[in-house]
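Subject: The two-chain model for you to look at

Hi there,

Here is the structure I promised to pass on.

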Amino acid sequence: MATFKVELIVKPKSGVRDPQGEAVDGAVRGLEVKNVKVHQVGRFLSMDVTATSEEDARRAVDDLCKRLLVNPNLETYSAQVTKS
Amino acid sequence: MSGPSSSAPSGARPKAAVIVFPGTNGDRDMAESFERAGFTPVYVDSRETAPADCKIAGVPGGFSYGDYWRAGMLARYAPAMRALPELVAKGGLVIGICNGFQILVEAGMLPGALTYNNPPGFKHKWVTVEARETKVKSPWLTRVQRGAKLRWPMAHGEGNYYHPGGWDAIADNVPFVYDRNMNGSIGNTAALLDATGRVFGVMPHPDRASDPHIGSTDGSAIFESAYDAVAQGRV
């Protein structure tokens with residue numbers, strides 16, 4: 001068994017409106033910053049996963065996303081998995 | 001609207017469970033609404049389950065677990081919530097108001113998702129909802145006339161109802177719509193029933209419109225309908 005560091009990003013699915021992203025972009029406009037465009041607001045989660053392989057760790061993360069961390073109606077995710 | 005049915009034996013008021021999570025703040029509003037309708041409200045810690053003789057359970061508004069990660073997500077796994085599908089399977093009734101609606105959706109007891117208001121921001125104001133005909137006859141709505149326009153307060157930042165199948169996927173189960181766009185919900189959806197009509201989720205607050213001292217009793221019909229269902233042995 002090995003420990004894998006996982007950094008998970010959950011973000012709005014394409015095609016689903018992102019009022020948080022729009023609100024933050026509006027705040028950036030309010031600062032009169034003209035060369036920045038905010039695209040999306042999402043969530044970040046860092047965790048350790050004990051698994052036999054990177055694939056095994058990824059499977060555990062996929063399962064957790066499916067069961068808890070990601071709302072498939074609205075969100076998508078990506079996970080960076082590295083061996084500690 | 002009239003008061004509780006007179007068919008219940010005096011001194012034997014039925015119980016209604018009000019589930020309380022860390023961060024819940026609408027529990028007393030819900031309990032008082034149940035009480036006014038004829039129930040004896042029972043506060044149930046979310047780490048426990050409702051007493052076996054409760055045929056009615058309510059999931060109140062608030063910010064359960066601080067709305068961490070995703071509103072309602074953490075609350076759905078509490079023991080009190082895990083027991084609700086069985087209550088419904090036995091013929092019991094469940095209501096979720098505001099954060100309670102979010103929790104019922106997260107728990108899969110109602111379809112779709114509730115996400116950030118569009119336009120963004122927390123919105124709190126009195127709103128008008130219109131009652132619609134639904135395919136399923138809900139015990140929560142027997143005292144509500146189709147087409148009735150009711151004044152209830154809303155207070156939420158994540159009440160934008162979304163379903164990947166769009167309005168057509170839910171239209172038959174939407175008993176109330178806002179009279180205008182309040183939060184970006186498809187079809188101005190303000191509430192939703194499950195396929196049995198026994199699970200009722202609503203974003204604005206009928207529980208904060210059940211006391212004449214605070215401006216409206218338009219929400220009382222919901223709790224009185226549930227009382228009728230219990231008193232008449234339909235639950």
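Predicted model: local features only at pLDDT ≥ 70, side-chain atom pairs only at ≥ 80, totals over all residues.

Phe4(A) belongs to strand β1 of chain A, which covers residues 2-12. Setting aside neighbours within four places in sequence, Phe4(A) is in contact with Val49(A), Ala51(A), Glu54(A) and Ala57(A), and also with Val81(A), Thr82(A), Lys83(A) and Ser84(A). Val33(A) is another story: 29 residues along the chain from Phe4(A), with 39 Å between the two C-alpha atoms.

Now to chain B. This chain has six helices and eleven strands. Its radius of gyration is 16 Å, close to the 18 Å that the globule rule gives for 235 residues, so chain B is as compact as a globular protein of that length. The C-alpha trace of chain B spans about 50 × 40 × 35 Å along its principal axes, and 54% of the 235 residues are buried. If you take the contacts in chain B between residues at least 6 apart in sequence, 75% of them join residues at least 24 apart.

The part of chain B I would show you on screen is an open sheet of six strands, in the order β2-β1-β3-β4-β11-β10, with mixed pairing. Which strands stand at the edges? They are β2 (40-45) and β10 (191-193) of chain B; each has a single partner strand, so one side of each is left without a neighbour in the sheet. From one strand to the next, the twist averages 20°.

Within that sheet, strands β3 (residues 56-59) and β4 (residues 93-97) of chain B run parallel and are joined by four bridges. In this pairing, Val59(B) is opposite Gly96(B) of β4(B). Helix α4 of chain B, residues 99-106, lies across β3, β4 and β11 (199-202) of chain B and runs at about 120° to β4(B).

Finally, the place where the two chains meet: 13 residues of chain B are in contact with ten residues of chain A. On the chain B side, eight of these residues are nonpolar, four are polar and one is charged.

That is what I have for now. Happy to go through any of it with you.

Best wishes

Key: Residues numbered from 1 in each chain as written. Chains lettered and ligands numbered in written order. Pairing = 2+ DSSP bridges. Helix = DSSP H or I, 4+ residues; strand = E, 2+ residues; numbered from the N terminus. Axes fitted to C-alpha atoms, helices over the stretch in contact; angles between N-to-C directions. Contact = placed C-beta atoms within 7 Å. Rg over C-alpha atoms; globule rule 2.2 N^0.38 Å. Buried ≥ 20, exposed ≤ 12 C-beta atoms within 10 Å, placed from the backbone. Nonpolar A, V, L, I, M, F, W, Y, C, P; charged D, E, K, R; others polar.
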